[in-house]
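Please read it with the sequence and the coordinates open.

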Amino acid sequence: MEKLQLPPKPEKSALKKIRAVIILILVIALYVWTFTSINIDWGRAIERSISNFHRVVPKLFSPDWAVAGKVGEAMLETIFIAFAGSLMAAILAVPLSFLAAQNMMGGKVGSTIGKWILSAIRAFPDLILAILFVVAVGPNAFAGVLAIAIGSTGMLGKMFSEIIESIDMEVVQAMEANGANKIQILFYGVIPQITPEFLSYAIYRFEVDIRASSILGIVGAGGIGTMIIFASSNRNWNEMGMILLAIVIVVTVIDFASAKIRRKIV
Amino acid sequence: MTTKNTLAQKTMPLYPAKTKIQVTIIFFVVLGIYTYSMIKTQEDMVGGFGGALGNMYTVIEKFFPPNFAILPAIWDSMMQTIQMAIIATTIAAILTVPLAVLSAQNITTFKPLYYLTRTLLNLLRTIPDLVLAVIFVGLFGIGVFPGILALTVFSLGILAKLISETIESVDMNPLEAMRASGGNVFQVIWYSLVPQIAPQFTSLVLYVFEINIRASVVLGMVGAGGVGLILNQQLKFYNYPNAMTVIIVIFATVLIIEYVSNKLREALL
């Protein structure tokens, strides 16, 4: 019987080989650096977890129903923060996204400026923004609204500008050729193309913001996070179980509803 | 001729009346909830919106100029933060492989198993990273370990979902050809699935690494290690110039890592 043989592999160029080796060395160096300089206190972690396990884990799964009302109220506030914040962000993101999109008003220079603004906003974690706003407007839910609004603007602006860049420009050109002015082009050529996806992303962002706003209370910006920090410092794990249950239920319901709505829009 | 003209002149409404009514109602409902949320969230604010805006300027001024003399003190914990993100991303990337395969509809043909892993991952994703960190700090005590664990669990949920979606969109023909010529499950996965998803896999892992960097800088706020701990201390002492330095360092780190990771991902795809 004839011996079966695999076809010869294509030759790789020397440059590619060298590049692969360099990347490999860099990755290995990164890992060596990471694992040699980080010091995890294994002994303490294990000892603590053994002594704490029965005090924490079973209690998390037996929520304290007595605080259900209070938790519900705080959760409602969290939803309000997320709603107001993401709506503000959706409005703020529109002009920025038109600036950042290459095929709209800004051209190359404007687009670069817009993209820089958006990525600068995105570089701030939500919680850091919340800290700044808590200092500025005091420890209340409105600081949370502002933090969510600014934080989401960065991400939504980026998504929106990508949507604008992907529209069918032939429609716009046809309108231009027919002598339509800028406003007409915007209303009849651009907006009908982008509205469904804009809405879809704004609703998706609301989902993300529910999760984000549930932790803002850790720095004093309102919502259910305030209760999380109290429950953990009082080691009240039954209450924590209730809070977790509330978060899981609300997030699941909103994810589900938003997925339904988005499927209808697009 | 005249009838044709009048037909063209008559402006047809762009959208049917029913849609218009629906959109109007939805618009007012959204506006109503928005107004209510704005009133609710500003309820316990002293001085209202106008007072806050005036206040903002004077308070923000306290943050400047940042005190760069503490940079060397921040450096170590910033590096620790990055290391936490690296370790967590690595562990999540390894653990995600079986989970993603199990929650991809086209590979896991055994329905109950698919639904079980899907539901588990969905539940996992609903819990915010910081809440996980709070619980793990309660369980393991203050330190780096609960932070890494929280990041791992959190990113596992995202990564497994994204990768299972990638797996679901692969070309099934090579897999069927493999199976037809007698390859077992592992051979099919290794020789026809892995080559198809390897670039996307790497790209998604880098993306999750970016998310982890952003998440890990704040983990210290609840005692889970990293640069957030310093930030928390400085804020508690009302030492705003120092806090501002920490914030600027975080900002710069996130920007740099995002830039590098973006370039790498562009080169991959």
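**Notes on packing and aromatic contacts**

1. In this predicted model, the charged end of B:Lys111 lies over the ring of B:Tyr114, at 5.4 Å from the ring centre.

2. In chain B, one aromatic cluster is formed by B:Phe136, B:Phe140 and B:Phe145.

3. Within chain A, helix α5 (residues 126-137) packs on helix α6 (residues 141-165) with an angle of about 140° and axes 8 Å apart. That angle makes α5(A) oblique to α6(A), since only angles over 145 degrees count as roughly antiparallel. The crossing of α5(A) and α6(A) is right-handed.

4. On the α5(A) side, the contact with α6(A) is made by A:Asp126, A:Leu129, A:Ala130, A:Phe133, A:Val134 and A:Val137. The α6(A) side supplies A:Ala143, A:Leu146, A:Ala147, A:Ile150 and A:Gly151. By class, this contact of α5(A) with α6(A) holds 9 nonpolar residues, 1 polar and 1 charged.

5. Between the chains, helix α3 of chain A (residues 68-100) packs against helix α2 of chain B (residues 17-41). Their angle is about 120°, and the axes of α3(A) and α2(B) are 9 Å apart. Here the crossing is left-handed.

6. From α3(A), the residues in contact are A:Phe80, A:Ile81, A:Phe83, A:Ala84, A:Leu87 and A:Met88. They meet B:Val30, B:Ile33, B:Tyr34, B:Tyr36, B:Ser37, B:Met38, B:Lys40 and B:Thr41 of α2(B). The contact of α3(A) with α2(B) comprises 11 nonpolar, 2 polar and 1 charged residues.

Notes:
Residues numbered from 1 in each chain as written. Chains lettered and ligands numbered in written order. Predicted model: local features only at pLDDT ≥ 70, side-chain atom pairs only at ≥ 80, totals over all residues. Heavy atoms only, no water. Axes fitted to C-alpha atoms, helices over the stretch in contact; angles between N-to-C directions. Helix = DSSP H or I, 4+ residues; strand = E, 2+ residues; numbered from the N terminus. Parallel < 35°, antiparallel > 145°, perpendicular 65-115°, else oblique. Left-handed = near helix turned anticlockwise from the far one by under 90°. Contact = heavy atoms within 4.5 Å. Nonpolar A, V, L, I, M, F, W, Y, C, P; charged D, E, K, R; others polar. Phe/Tyr/Trp six-rings, centres within 6.5 Å; stacked < 30°, edge-to-face > 60°. Lys NZ or Arg CZ within 6 Å of the ring centre and 35° of its normal.
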